[in-house]
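Welcome! Take a look at the structure first, then read on.

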Amino acid sequence: MTVEERIKAIAGTMGITYVFDNWSTANVKLDNVEFPVLLNVLPASGRFVVGKARLADAPNCMFAFLDKTEFDFDGTNNDAIIERCKDISKKFIKAINESGQFEQIEGDVPYSVVYDKLDVNVTGIVIEMQVKELAGTPICKL
């Protein structure tokens with residue numbers, strides 16, 4: 001099972017719409033999904049962690065937590081959407097940690113706020129973090 005498949009399964013337990021794609025293709029897909037949405041942006045980099053008996057994948061992930069907003073949004077209303085997206089991201093990090101499939105996410109997890117990044121009017125936050133497999137692949141299977 002890949003890192004992405006595991007993340008998708010975790011998102012599925014949260015009852016949130018999940019999309020895995022690059023920003024350009026997701027821009028089209030998000031026109032026809034139920035919000036809020038977790039967009040797992042196709043990783044551009046990562047690292048392999050090689051041990052004596054296993055090799056673990058550790059992609060540098062970008063997760064966008066997005067919800068619909070009005071075209072000419074009001075700051076107060078938009079702030080409520082941002083806070084809702086922060087709450088979803090906290091639950092997602094907690095779910096990753098409780099899954100037992102990845103190393104614990106600890107320390108600082110930076111986020112940035114997004115407005116009007118896509119054709120559909122959304123607001124939300126983007127977090128970036130490395131997600132490292134716990135089990136990995138046994139070296140003998142390679």
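A residue is called buried when its relative accessible area is under 20%, exposed when it is over 50%, and partly exposed in between (1.4 Å probe, protein chains only). This is a predicted model, in which local features need pLDDT of at least 70 and side-chain atom pairs count only at pLDDT 80 or more, while totals for chains, interfaces and linings use all residues. Residues are numbered from 1 along each chain as its sequence is written, and side-chain values use heavy atoms, leaving out hydrogens and water.

**Salt bridges**

- The whole structure holds seven salt bridges, each being a side-chain nitrogen of Lys or Arg within 4 Å of a carboxyl oxygen of Asp or Glu.
- One of them joins E133 and R6, with 2.6 Å between the closest N and O atoms.
- This pair links distant parts of the chain, 127 residues apart: R6 is in helix α1, and E133 is in the loop between β6 and β7.
- Both E133 and R6 are buried.
- Another salt bridge connects R84 with D67 at 3.1 Å, N to O.
- R84 belongs to helix α3 and D67 to strand β4, so this pair ties together parts 17 residues apart in sequence.
- R84 counts as partly exposed because its relative accessibility is 41%, whereas D67, at 11%, counts as buried.

**Helices and strands**

- Helices (H or I, at least four residues) and strands (E, at least two) are DSSP runs, numbered from the N terminus.
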